[in-house]
Amino acid sequence: TYVVTDNCIKCKYTDCVEVCPVDCFYEGENFLVIHPDECIDCGVCEPECPAEAIKPDTEPGLDKWLKINTEYASIWPNITVKKEPLPEAKEMDGQTGKFEKYFS
Ligand code: SF4
Ligand code: F3S
């Protein structure tokens with residue numbers, strides 16, 4: 001599966017949702033997640049994210065993000081249509097430690 005990671009937080013560009021063939025993105029206030037059981041590993045979302053927040057879970061160190069994607073995909077509503085990024089997206093893009101400060 002692919003997973004959404006830290007740099008999506010407080011940016012939420014949503015370009016990713018438009019290209020997913022199985023519509024497996026789910027939306028929180030500041031962040032999106034991928035449902036790992038629904039993702040078919042096609043990889044088309046990865047280059048679409050302006051924040052480079054989407055990664056294959058085969059990359060090392062992504063266990064935490066796989067857990068977060070799994071947990072919240074079953075709680076948050078599905079999103080399939082692109083919307084405006086969060087107003088602070090440009091400013092927040094690339095900041096570190098966003099999970100600790102802003103995750104929701
Ligand atoms: Fe959707 Fe493909 Fe991205 Fe998985 S890898 S979330 S199936 S676009
Ligand atoms: Fe987030 Fe990137 Fe999608 S910032 S909403 S994973 S396009």
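**Exercise 1. Which residues come nearest to ligand 2, and what kinds of residue form its shell?**

*Solution.* Start with the conventions: this is a predicted model, in which local features need pLDDT of at least 70, side-chain atom pairs count only at pLDDT 80 or more, and totals for chains, interfaces and linings use all residues. Residues are numbered from 1 along each chain as its sequence is written, while chains are lettered from A and ligands numbered from 1 in the order in which they are written.

Step 1: collect the residues around ligand 2, taking those whose C-beta atom, placed from the backbone, lies within 6 Å of the ligand. There are 13, and C8, Y13, C16, C49 and A51 come nearest.

Step 2: sort them by type (Ala, Val, Leu, Ile, Met, Phe, Trp, Tyr, Cys and Pro are nonpolar; Asp, Glu, Lys and Arg are charged; the others, Gly among them, are polar). The shell of ligand 2 holds 10 nonpolar residues, one polar and two charged.

**Exercise 2. Repeat the analysis for ligand 1.**

*Solution.* Step 1: the surrounding residues number 14, with Y2, C20, C39, C42 and C45 the closest.

Step 1: this shell splits into 12 nonpolar residues, one polar and one charged.

**Exercise 3. Describe the fold and its dimensions.**

*Solution.* Step 1: find the DSSP runs, numbered from the N terminus, where helices are H or I over at least four residues and strands are E over at least two. You get four helices and four strands, in the order β-α-β-β-β-α-α-α along the sequence.

Step 1: compute the radius of gyration over C-alpha atoms and compare it with the globule rule, 2.2 Å times the number of residues to the power 0.38. The value is 12 Å, close to the 13 Å that the rule gives for 104 residues, so the protein is as compact as a globular protein of that length.

Step 2: box the C-alpha atoms along the principal axes, which gives roughly 30 × 30 × 25 Å.
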